[in-house]
Amino acid sequence: MSDQNKQKMQNLQSPKGMHDILPQEQAWWDKVRKELQYIADHYHFSRIETTLMERAEVFEKTLGETTDVVEKQMFVYKSRSGDRLALRPEATASIVRSYLQHGLAHLGQPLKLFYLGPMFRKEQPQAGRFRQFHQMGFEIIGGDDEPVYDAQIILAMVRLLERLKVKQITVRVNSIGCRICRPNYRKKLIEYYKNPNFKLCKDCRRRLRENPLRLLDCKNPTCQEYKPAAPISLDSLCVYCNKHLKDTLEFLDELKIPYQVDHQLVRGLDYYSRTVFEIFTEATAADGTKFDFALGGGGRYDYLIEMFGGRPAGAVGGALGVERVLEVMKALKSGSAPKEKATVFFIHIGDTAKKKSLALIESLREAGIPMQESLGKDSLGAQLRAANKEGSRLALIFGQKEAFEDAIIIRDLDNSVQETIPLKKVVTEVKKRLK
Ligand code: HAM
């Protein structure tokens, strides 16, 4: 290949870490969308769609200036008028911005919202980690800080995964305290990590000054060695946060949702208070693969509305990574690709038949029959090949003779058995055979 053509081919690649979702993938995505809608209807969440871009400070102020997402992973652009716009790295901050902008606090509270859409983070692409990925999430905003809402969010996410046939789900839960008790925990972490014998990475030396909770989140192997002996949040919680955690766990017990309390779970975003959680699967794929990534995460964010200048109000939510969930579904063989609807392929022969075809196909579609056709092709062989390629179950063959006699040939494409039937019976005959 010439250098020029190589260059042209390179220009044809989608951007690093960003992927198209091709037609053959769509059946999987449809399954996810369908089950998400089912769960949302069942637990009364309404859909919200926010803009893909936000003013960068929407995320900077709320996710935290020293979090990896803000510091290293945001795609930020300067518009001609000087606005700094960011492709959204997550949806929660955008939803709270929208909640306040549109006065949604005047609707019945708490407001239960759900979404599915693309998010963008400039990460090093690897298994389960992309630059453009999708999240589906649930948020309960504007209520009080009742632990029942924390449990409801976890419930909706777990039930959704169950419906998608993800097995051996487990939830790791922790409480990182509130404004009153978290400073104590920070102090204890600083004291512990100040140990002069510790060889902290450059990022962690900075985290120690600016955001000590992030120390527990560091992926550097040396820093991770110090984590097991680090102080745990439970020992610093105030009575209210302690009770909040206990009550949340009791709801999960009642619901028989499997969880582990992980007192060093802190999450990668700063807006959380009290409950934080992550969802994993302990299942093993047929080829022995274990999944070492979180399928989802979330928590309570009671101070986020205030950070935007709104009146203080409780809020809790969580989101699942769609690509990760799909990877698990496929690896666990939660069925092969979900079955596509059995289709009926319309084949025409000759001009008179062709003229009547479009209207005839329309009437079949209106009767609820999933139709496909290839009206651009005229030869019988080419149309039959197209029908086989689509994996259609039945062909309806409409030729000159049939057009004059108001009849049509119905052919089973699995065994090639066919019969001619009156046109007026076609809907009943097709429906009978598709059952
Ligand atoms: P998060 O933990 O940053 O939380 O992301 C939630 C999920 O999105 C992760 O568990 C993972 O499955 C998926 N995810 C994150 N980054 C990537 C990536 N680069 N590639 C593929 N999948 C990824 C949040 O974003 C919060 N907004 C969740 C939340 C909602 N908290 C309260 N409400």
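Trainee: Why does histidine 44 count as exposed?

Mentor: In this predicted model, histidine 44 has a relative accessibility of 62%. The term exposed requires over 50%, so histidine 44 counts as exposed.

Trainee: Why is aspartate 406 called partly exposed?

Mentor: The relative accessible area of aspartate 406 is 48%. Buried means under 20% and exposed means over 50%, with partly exposed in between; aspartate 406 is therefore partly exposed. Aspartate 406 occupies the loop between α15 (400–405) and β15 (407–412), and its phi, near 50°, is likewise positive in a residue other than glycine.

Trainee: What makes the peptide bond from glutamine 109 to proline 110 cis or trans?

Mentor: Omega of that bond is near -5°, and the bond is cis. Most peptide bonds are trans. Proline 110 belongs to the loop between α5 (92–101) and β5 (111–120).

Trainee: How many helices and strands does the protein chain have, and how do you know whether the chain is compact or more spread out?

Mentor: The secondary structure comes to 16 helices and 16 strands. The radius of gyration of the protein chain is 28 Å, whereas the globule rule gives 22 Å for 435 residues. The value is well over the rule, so the chain is more spread out than a compact globule. Along the principal axes, the C-alpha atoms fill a box of roughly 90 × 60 × 50 Å.

Trainee: What domains does the assignment give, and how far apart are their C-alpha centres?

Mentor: The assignment gives domain 1 (17–181 + 237–331) and domain 2 (344–434). The C-alpha centres of domain 1 and domain 2 are 47 Å apart.

Trainee: Which residues of helix α8 are buried, and what do the buried residues pack against?

Mentor: In α8 (residues 202–210), the residues Cys204, Arg206, Arg207 and Leu208 are buried. The buried residues of α8 pack against α4 (68–72), α7 (182–193) and α9 (221–225). Across the protein chain, buried residues make up 51% of the 435 residues.

Trainee: What share of the contacts joins residues at least 24 apart?

Mentor: Among contacts between residues at least 6 apart in sequence, 71% join residues at least 24 apart.

Key:
Residues are numbered from 1 along each chain as its sequence is written. This is a predicted model: local features need pLDDT of at least 70, side-chain atom pairs count only at pLDDT 80 or more; totals for chains, interfaces and linings use all residues. Side-chain values use heavy atoms; hydrogens and water are left out. Domain bounds come from an automatic or database domain assignment. Helices (H or I, at least four residues) and strands (E, at least two) are DSSP runs, numbered from the N terminus. The radius of gyration is taken over C-alpha atoms; the globule rule is 2.2 Å times the number of residues to the power 0.38. Buried means under 20% relative accessible area, exposed over 50%, partly exposed in between (1.4 Å probe, protein chains only). Contact means heavy atoms within 4.5 Å.
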